[in-house]
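Here are my notes for your first look at this model. Keep the structure open beside them and check each point as you read.

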Amino acid sequence: MNRRLLFLLPLATLALMAGFFAWSLLAGRDPASIGSVLVGRPAPRLDVKALRDGEPPLTDALLKTGKPTIVNFFASWCTPCLAEHPLFTRLATRDGAVIIGVAWKNKPAEANAWLKRLGDPYKFAGADLEGRTGLDWGLSGVPETYLVDGQGIVRRHFRGPITERDVNETILPFLKGAK
Amino acid sequence: MLEFLLALLTTATVGALLVPLLRTTARRTERLDSALAIYRDQLAEIERTRADGTVSEAEAAAARLEVERRILNAANATKTAAPHDSSTLHRFLPPALALLIPLLALGIYLNVGRPGLPAAPFASRPAGEHPNPNEPITAERMLAEARARLAENPNDPEALAELGEALVLEADGTVTPDAVAALTRALAQRPDNPRAAYYLGLHEAQSGDSKAAVARWQALEAASPPDAPWLSMLRAEIARVARAAGMPVPPSATPSAPTGMPTPSRDQVEAMQSLDPAQRQEAIRGMVDGLDKRLKENPGDRAGWLRLANARRVLGENDKAADAYAKADALGTLDTRTLTDWAEAHVRQLKPGETPSPAAVTVLERLEKAEPRNALALFYLGAAAFAAGDKPGALRRWNTLLALLPADAPIRGLLEERIKAAEGK
Amino acid sequence: MTPFRRCAPPSPVDGGRKDFSSPVCRGGGLKGRRGSWLFVLLALLALPALAVEPAELLPDPALEARARDIGRSLRCVVCQNQSIDDSAAEVARDMRRAVRERLSAGDKDEQVFAYMVARYGDYVLLKPPFKAGTWVLWLGGPIVLIVAGGLLLIAARRRKPIPPAEPLSDEEQRRLNALLKN
């Protein structure tokens, strides 16, 4: 009888694995999620040329104004950026958020045309043509969005487009709480 | 077709598992036969080595004995194992597997798959979408068209809505500020423009105000004719946006709406439309009679009685409709609108000048209690009171009704005449 | 393929330096600058399936060799499981460039790794460090091996010895005959 139980061992292992797979499949877990090490630490260096003509370059000083700031990396060639764009427009116009937009690996002419068509919610806009600043910020692609508090500490890092839920549950409370 | 394939795959899987399970006993005897063949070879080998002197007599005898013991053991194992195998596990495993695997597969599919997605064979796909495959609807063409129309009439709401839609298409589905401006202007001119309302709702959903979007879309849904071609898309959008925002999905947006009448499928509607009026009437009557028959067998179905009553009333069979309402009423309280329909079914049976029957009066009184300013109740209860000699009761109701009626109501003349008659006598 | 038999034409990656000479062509005498033979070795062994583009390469072969070593142990953050040297993704290219910049600026290998970990976390390391969160990863395999081996050993010890050979009884002999006859 003891030996028979031993034969059940592979079956139990199989059941365990099936359970794990089912959980992975159904729990909406994202195995590609890579997290972020920036949260809770001072924001990385911000040093990019201005996207719009005639504006001064963007520097770290913009992140330490005492007011919470949203930093959004985007590109005109990126479709998810298009999807999240109306949310930034709403945050800028309706909620008075200070949003810094950085066009990542995007020619300024193209990024500007894109913003002209969709509306420009960015109080400050930079152009990171080479992706150097993106690397410093631990960027893996666009869009990515960072919430930086008034002292310049990163409080939240979204990889991928933000959603209405993120706005209501995270960004708006953050803007209110950090003010 | 897909369901058939899935069923086939599941059957194959279950079969692949069951066949070996059911064949174990058969296999065991086969196995003994092949084992015996090997042992026979071994015995022959031992005999050979003994004969040519490579192995001593004693060693050969020991080896022989061992092989013989193994043969006996193998035979014993086969004999004892066979009854053991038909134990609980073996008896219940095959039916359990046959049941559990399809159930599990179905459960996972319903959870993770998209059972609602209609099949879309490649050949049939483009036909419905653009009527002329040589001239696909592109954002550019729509833009040019809308701009041309706006050049002629800058405030044409249809053209403004089309411009908005074209701008959205051009921006890969994002409602841009320019589109919002055009759509808002369109809606200001024609508040019931469905295209403008839909895309402005989409804008609200995209800019993080799903609640406003769903509210706007639900208003649009309510205002749309029941056969509007955009309704199914609109309902799907309401469900999608509500779900994405974590809001409760409105019941009308779920495919099987549990409220009121079951909506006929598109096929049914098309089939009805292809009939000539007489045939159609007959077909409808057949359906109504079928419902009637079903309700006779299952009289506790309140929703069914209400449906039957409604159908009878529409068909003009007011006496039968009133009976059906009474059946539904016995099963649960009716709301004011249904009470009105019921009362209407009663009073429509009246001949000109006839006073309402006692049954009608009961319904009308209930209606009046629920809605003191209901015109139908006021008029006919007044008539009933007048016939019963209760002139003050009649006058009170008719005067109330007269005050409620618009100045150009056609019934006004008749009512004034009656009031005069009641006052004069 | 036996690359050492042939004398490779001057590759575009040597930057046109006149003094570059492959020791392989001279019959294997490794007398040139230490970096040269390393470079050739690297170029010959690591050529297939690399995403590193010629324009990215460092002029100093020793530094380039270190950059390759580092690049092979850094994970491309948008690919499921590729090193930045293997990946053609934009981010991977930026990371390769950053590795070379740091090396040119005089960073040690550890400093380059620290630079990347500060930006992307331990995830960026294809070989994760041994710490509280990763011990299962490191020890899981050996532990399973030891446990399974132990179980097998115990099972082998407990296996019953073959019964001593007793002559068959008459009844057994009869059954055996019956079996063998079939």
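1. Start with helix 12 of chain B: of its 21 residues, the number buried is 0, so this helix lies largely in the open. A residue counts as buried if 20 or more other C-beta atoms lie within 10 Å of its own, as exposed if 12 or fewer do, and as partly exposed in between, with C-beta atoms placed from the backbone. Helices (H or I, at least four residues) and strands (E, at least two) are DSSP runs, numbered from the N terminus. Helix 12 covers residues 277-297 of chain B, and at 1.5 Å a residue it should span 30 Å; its end C-alpha atoms are 31 Å apart, which agrees. The expected span is 1.5 Å times one less than the number of residues.

2. A word on what you are looking at. This is a predicted model, in which local features need pLDDT of at least 70 and side-chain atom pairs count only at pLDDT 80 or more, while totals for chains, interfaces and linings use all residues. Residues are numbered from 1 along each chain as its sequence is written, and chains are lettered from A and ligands numbered from 1 in the order in which they are written.

3. Stay with chain B for a helix pair. Helix 15 (residues 336-347) and helix 17 (residues 375-387) of chain B pack at about 35°, and their axes are 10 Å apart. Axes here are lines fitted to C-alpha atoms, for helices over the stretch in contact, and angles run from 0 to 180 degrees between N-to-C directions. The crossing of helix 15 and helix 17 of chain B is left-handed, a word used if the near helix is turned anticlockwise from the far one by less than a right angle (right-handed if clockwise). Which residues make the contact? Helix 15 of chain B brings B:Thr340, B:Ala343, B:Glu344 and B:Val347, and helix 17 of chain B brings B:Leu376, B:Ala377 and B:Tyr380. Two residues are in contact if their C-beta atoms, placed from the backbone, lie within 7 Å. The residues of this contact divide into 5 nonpolar, 1 polar and 1 charged. In this count, Ala, Val, Leu, Ile, Met, Phe, Trp, Tyr, Cys and Pro are nonpolar, Asp, Glu, Lys and Arg are charged, and the others, Gly among them, are polar.

4. Now turn to chain A, which has 5 helices and 6 strands. Along the sequence they follow the pattern α-β-β-α-β-α-β-α-β-β-α. Of the 179 residues of chain A, 39% count as buried.

5. Two strands pair if DSSP finds at least two bridges between them. Strand 2 (residues 69-74) and strand 5 (residues 144-148) of chain A run antiparallel and are joined by 5 bridges. Look for A:Phe73, which stands opposite A:Glu144 in strand 5 of chain A.

6. The peptide bond from A:Val142 to A:Pro143 is cis, with omega near -5°, and A:Pro143 sits in the loop between helix 4 (132-136) and strand 5 of chain A. A:Lys105 is not a glycine, yet has a positive phi of about 50°. A:Lys105 is buried, with 21 other C-beta atoms within 10 Å. B:Asp172, also not a glycine, has a positive phi of about 55°. Is B:Asp172 buried or exposed? B:Asp172 is exposed, with 10 other C-beta atoms within 10 Å.

7. Chain C has 6 helices and 0 strands. Of its 182 residues, 18% count as buried.

8. Finish where the chains meet. The contact between chain C and chain A takes 13 residues from chain C and 11 residues from chain A. Helix 3 of chain C gives the most to the side of chain C that touches chain A, with 5 residues. That side of chain C divides into 8 nonpolar, 2 polar and 3 charged residues. The contact of chain B with chain A takes 15 residues from chain B and 16 residues from chain A. On the side of chain B that touches chain A, the residues divide into 5 nonpolar, 9 polar and 1 charged.
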